[in-house]
Amino acid sequence: MWDSLNEIGAQLKRNKLRTALTGFAVGWGVLMLIFLLGIGTGLRNGIVSNAEKGRLSDAACNLRAWRTEKPYDGYEEGRSIYFSRDDAPALEKHFREIEHAFPVCSFYVDQVSCEGKVFNSAGQWKKVIGADPDYSIYVKPLRMREGRTLRKSDEVMRQKYIVIPSSIADGLFEKGESALGKQILCEKITATVVGVYQDEGDNIIYMPYSVVTTVFPNMEVYLNEIALVFDRKYNKKELQTIEKRIRAFFSPVKHTAPDDDDALWMNYWNQSSSESMGKLFTGLDLFLWFIGLSILSIGIVGVSNIMLVTVRERIREIGIRKALGAKGKDIVSMILTESVLITLVSGIVGFLVGVGLLFLVDWLMNTQGLGQISVDMMGGGDVLSLFKDPLISGQVGILAILTMVIAGMIAGYVPAKRAVKIPPVEAMREE
C-alpha cells in the first residue's frame, strides 16, 4: 500500500504544475459548493428567524370574525360579526381537537408614557392585547428579560398589571434601570409593570382581559378574535376541515352561511407557511447543489483528462506490468487510486477553505452587523436578519467528502478501462 502511494507521489511530483492546476480546479469547485450551501443555510436560518418573530405556537392559531359576504337566514351580507366571551368555552366543549380557547380583545395606542416621558411619536402605534394569562404560555410564549408574565390571580382580581416588550422598556428607562413597579400610561389605563419580555418583533403590550374589558366596557362588543390551542399540530388540510366545522357550528348562532369564509376564518399561517417554506428550502438546496456540482464537474473533467494523459505517458510501464503478470484489476486500482487521491486531497483543501470562509462570514455578521437591517415596525425599531449562522451541518460535510471520492472514481474510470485494454506487446513497443 505504501509502495503504491509512494509511486503515485513520485508520479505527481514529476508533473507538479499540471497536478497543481488540476487540484486547484477540483478544490475551487468544492469550495464553491460548500460556500453556496453555507449561504443557503444562512438564508434559511434568516428567513426562519424572521418568521418566528411574532408567530404563534405550532399548535395554535387565531379564529377571527369579520364581515359577512353572503346573505343567510334572512340576514343581508355586509354585517359585522363579533364573538361573545361564551363562544370560547363553547368551542372547547364541542371540539375535541381544541384544548384551550382564549378570547382576545385588542386596541392600539399611539403613545406610551411613564412619569411624563413619552415613548413613540404621534402616528406610531402599539398594539395592546387583553387576554387570559395562559395566552402567553400556550399561544405566544414570551422570553422574559425581567419580572414575570401575567397570572390567573391578576385576571381574577382585575389587577392593573402590564407586561411590556423590551423595546418600550429601553425607550422609557435609562440603561440599567429596572422597569418593574413603574406606572405606565396606555390610553385610559395606568398599569404597573410586572414583566419585560425580549422583543423579537412582537411589539405587543399585554394586560389582563378583565382589566381591558372593565376600562372599555364596549370592548366586549368588539371581540373579534379567539386564540385556539389544539391537542396536537395539524397540517393545513386537517385545519381546513376543522375550520369548516367551526363555521358550521357558529352558522345558526351568528346567522352566517357555513361557506362564508369572510365572516369566520382561521389564521393558520404558521402551519401552512411551514409547509410552503419547507418546499422552498428544498428547492433552494437542490438548486445550490446543482450549481455547486456543476462547478465541481469542471474540475472532475480536468482530472479525467489528466489521467488520460497520464495513461498515455505511462503506456510502456503499463505494458511491462501486464507482461510481468499484473492483472487488469491491479491496473484499474492504480489509476483509480491516483485519481481519487488528487480529487480527495484537493477537495479537502477546498472544503477546509470553504468552511473557514463561512466562519469568517459568520464572525463578520455577528460583530459588524452585516446581513442585518433595521426596520420600523409600528415604531419598534426591529432588526431583521438577511442571513443567520451561514454554516453547514456535519451531514453535509460527510456528503461532500463522499461526493469527492465518487467524483474521483468517475474521473479515473475511463482512463483505467482504457489502460486495461492495451495489449502488453503493443504497449511495450510505444516510446
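Helices (H or I, at least four residues) and strands (E, at least two) are DSSP runs, numbered from the N terminus. By that count, the protein chain here holds 13 helices and 14 strands. Welcome to a predicted model, in which local features need pLDDT of at least 70, side-chain atom pairs count only at pLDDT 80 or more, and totals for chains, interfaces and linings use all residues. Residues are numbered from 1 along each chain as its sequence is written, and side-chain values use heavy atoms, leaving out hydrogens and water.

**The whole chain**
- Of the 431 residues in the protein chain, 44% are buried (under 20% relative accessible area, with exposed over 50% and partly exposed in between; 1.4 Å probe, protein chains only).
- Contacts (heavy atoms within 4.5 Å) between residues at least 6 apart in sequence join residues at least 24 apart in 77% of cases.

**A look at Ala-88**
- Ala-88 sits in helix H3, which covers residues 87-94.
- With a relative accessible area of 2%, Ala-88 counts as buried.
- Leaving aside residues up to four places away in sequence, Ala-88 touches Ala-101, Pro-103 and Ile-226.
- Ala-227 is 139 residues from Ala-88 along the chain, yet their C-alpha atoms are separated by 8.6 Å.

**A look at Leu-360**
- Helix H11, residues 328-368, is where you will find Leu-360.
- Leu-360 is partly exposed because its relative accessibility is 43%.
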